[in-house]
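Welcome, and take a moment to look over the chain before reading on. The paragraphs below walk through a few places in it, one after another.

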Amino acid sequence: MLEYDESRKLYTDDYKLHNTPNVKTAIVCSEEDINQPDDVKDTIVFWNTSNLNEIFSTIIYMDAFPIWYNQQKEKGHRFCLRIEAVGWDKNVSEDINCDDPERKHLCPDLIILGTTQFTYRYYRDETINLNKYFRNYFKKEGKSLESMLNKYAHYDYRIDNNWLAVPIISDYRTLRFNKKTFDYCINKGYDLHYPPPFSDYWGSNYKETWTWEKAFEYAEIIYKCTGKPGFKIVGSKSEDTKLFIIICQSLGIPFIVEENEVKKCGFRNNPEYINKLSIVKKLFENHYIEEWLDRSAIDHWKNSPYPKNIDEQPTFPLLDSYADINTMTVNGLMFDVSTTYDLPDCKYCYMPGTSSFQGGSGIVITKNSKFPDELFEYIEVLINGKNPYLQNLNNYITPYEKVYGNLCSTLYEKKSKKEYCNSLLNVDGIFPYYYNTDSGTNVIYLKHIITDLDKQISIINSNRDFYSGVYTCGEKASYEEKTFTFSDQYKLELPVDKDKTIILKSMEDIKDQTHPCNIFQESLEKSKPIQFPYNTFSEINAFELKSPISLLLAHLYYKHNDTNEGSFESIINECCDIIDDALLPRCKGHTKIKFKLGECNEQNELRDITYLNCKLTDNDDLQRELECPYISSKNFKGLFLTIISLIAIIIEIFIIVIVIKFRNEKCILLSGFEFLFFLILSSLILDISVYFWVGEAVKYKCILKIWTMIIGITGLISSYSIKSEIIISIYNNKKLTQSNYKMRTYLLYVIIFIFQLILLTWWTFTHKGVEERESYIKDVGSYKYNACSIGNENILTLIFLIDYTLLVISIIMSYRGRNIPTEFNYSKKIFFTSLLSALLMTVYYLAVTSTVEKNLPYFIVLILVLVITLYINFTFIGEKLLMLFNLDNESMTSLISLLTSEESKKNG
């Protein structure tokens, strides 16, 4: 049973809880709810990053529970809190499983994630967008969460204008130096000075003088002085990467750049960058830095064949120097994580250069949670500055401005600028201040004037002209209002004129600048996320896990045995290749895939899909290839169509030659030379149209395939329609010698044919030739391709309707001839041929007007064209050829007898 101290807002036995070992799961419930069934209470599952040996943060989250519980109880809702210690890997990699009621601990409502981990869960659609709650917080509190956060925080916690998490823990890096080592080397005559703020050697512009070049020069000097490395990296996760990025940012080298919305390595192929990074090369190659990587992993790498590709490149664990704090030593400078460990003779100092590392952790709400509104109220309890939880989770600096960690909270009290100003001037008298200009440091004396209201100052002595009257403490520095204000610890902002202010620093601050809280605050002001200037993205986590910077630095420090290390530039390029691969997102689930299509491989009719801003994996089920938008002449389908159409054309040319040569033979003459000639010619034109469907879309092909198709079909239908009418007329004893009847029949079809040509000509003028169309690849995106325009679809439809009308007339005439004896029954052949022609026209029309992305349907249509035209030819001409070559004459003899008999009657 735990007792809760409501005044301290902590459990009474808080200290004992912190020392409880081997805690994997912690469950906290109200005494009255602990034995209640699940239908009366709800248990919130919270995944924390603590481990079995560290329950510190778990206890803090438990401390906040009673306040939130009482809030919810008043609303009629009862909760328990279950905190699982999942660590820093499973918090992002463990699968969330809410389907198994026996394993509820695998279904978290809340998760603590690092700033490089948020997007991984977010893009897997496992966490909710917190924008609504940020807005509600502003409405309720009158101030926005965004405004409370430290500078650059939004780069880590927001993506696509969506807040992913609420900041809870601040993470930054510090620099320490061993004062005893510095004293030793200084006494030996080496040119060393304490780093700022412990020495005024660096001047007021210490960011320009205390640089990484100087820090690494000091590491070299200490190495020469003591015989031991003068620099040390401490930390167990990506610390060398963070150091390298800080150096890049301070040197003006972009670590990450974006090209075509793809994040890439930013420091390759630039001689200026390589030259600037030579300070890193010198530090590691000359071993001015202590070993920082796990030696067994390095030895395995050196004793193995060099990796052949990026996937085979190793990752190196870092040595955890804090694993045995009692034996850890620092010889010179130490790049350190923010800890409370006190090291003998070591002092915190300013980070060199103009940048430092900013990271941290935040709390997310999962999509599986049934209580997102209630859980955000729990988060509000955690981040409320009036409660001790933010301070207890952070030793020095929290993610929120004016809210400090437990070791700095007494140094910085939450006050307005005016209040700070009044508290700073708490002693009456005259005091020295200084300010910096381009010409150097200037001293000024201010008289503190204590009043019952706001305190005042007046300038007693200075080396330049200032306003001689009295300034009063205010919220801002205003020359018109004669107010000055608080700027920072022991600093005042004084207006010089309407447009200019100066910062006056009290001489009292020199002894206090060395306080760690002030140093960390200075570091925080210039800290940036590793992906700066970009918002966080999911691949940052993959980049950290791949640790390409460790490999780069290992090449410099250890070198691989079986390979020529090559130039510094080549090592950088290898590192950048790994960075580029790690930063490239997976295509599966990517919402903004960019890709390009390769040229058509005419042998297999496929185009390669190249993904430009993402990478494929073996199980992503995305298309790698796309079928070409046309039938290639070099592919099996195109070759087959070309060969078959060529054979059909040769056959039909052969038949035309035979028919022309034997046009005076009775079998040809009596069947109708004109009929046979135009039937074969129309079939020939239809077969030629197939050729224009093969190959890439070209304007003349797009037009000619329609012309040849319509002329061929119209000619084919007209030919056997005329033939049908002749057969019926013969059988019904029509007087065929009456030229007016015969001419009317021909004239009707000639007029129809000419009208079709006029429509085709009109359609041609409306034709765009080749047009750009758009299609979609599933789960990938849209692409454009070239295809034949269909021109004016209304005109084209009218052309097809005319041919359909001719078919209907042909079918009606075939029906009229249904009683003709079988031996003379061309009408039945024409009826069946008309049905085939209707099928042919329908599939042709669909092929022209429909957008079909596969080539197989077009291939089938064209095969049908060739088969049907050959079938129609042999239906009407096959037996004539057999008779010409004396292979069969029975049916034709019957027809000749009928025609001879009818001619005798006519002459009799």
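Which residues in α19 are buried? They are Glu539, Ile540, Asn541, Phe543 and Glu544, where buried means under 20% relative accessible area, exposed over 50%, and partly exposed in between (1.4 Å probe, protein chains only). A word on the model itself: it is a predicted one, in which local features need pLDDT of at least 70 and side-chain atom pairs count only at pLDDT 80 or more, while totals for chains, interfaces and linings use all residues. Residues are numbered from 1 along each chain as its sequence is written, and side-chain values use heavy atoms, with hydrogens and water left out.

After α19 comes Ser547, with a positive phi near 45°.

One of the buried residues, Glu544, leads us to another part of the chain. The side chains of Glu544 and Lys242 form a salt bridge (3.8 Å, N to O), the term for a side-chain nitrogen of Lys or Arg within 4 Å of a carboxyl oxygen of Asp or Glu. This pair links distant parts of the chain, since Lys242 belongs to helix α11 (residues 239-250) and Glu544 to helix α19 (residues 539-546), 302 residues apart. Lys242 has 6% relative accessibility and so counts as buried; Glu544, with a relative accessible area of 12%, is buried too.

How many salt bridges does the structure hold? There are 38 salt bridges. Among them is the pair Asp183 and Lys179, at 3.5 Å from N to O. Both residues lie in helix α8 (residues 179-187), four residues apart, or about one turn of the helix. Asp183 has 25% relative accessibility and therefore counts as partly exposed, and Lys179 is partly exposed at 30%. Another pair is Glu285 and Lys281, whose side chains meet at 2.9 Å, N to O. These two are four residues apart in helix α13 (residues 278-285), so about one helical turn separates them. Glu285 is partly exposed at 30% relative accessibility, as is Lys281 at 25%. Elsewhere, salt bridges with shared partners join Glu32, Asp33, Lys73 and Arg78 into one network.

Now for a charged residue without such a partner. Lys482 sits in the loop between β19 (470-473) and β20 (483-488). It is buried yet has no salt bridge, and the nearest side chain of opposite charge, Glu480, is 7.0 Å away. Lys and Arg count as positive and Asp and Glu as negative, with His and the chain ends not counted. Leaving aside neighbours within four places in sequence, Lys482 is in contact with Tyr467, Val470, Tyr471 and Thr472.

Our last stop is a pair of helices. The axes of α22 (residues 636-661) and α29 (residues 856-884) come within 11 Å and cross at roughly 25°. The two helices are therefore roughly parallel to each other, a label for angles under 35 degrees. Residues that meet across the pair include Phe640, Leu641 and Ile644 in α22 and Phe859, Leu862 and Ile863 in α29.

Conventions: Contact means heavy atoms within 4.5 Å. Axes are lines fitted to C-alpha atoms, for helices over the stretch in contact, and angles run from 0 to 180 degrees between N-to-C directions. Angles under 35 degrees count as roughly parallel, over 145 as roughly antiparallel, 65 to 115 as roughly perpendicular and the rest as oblique.
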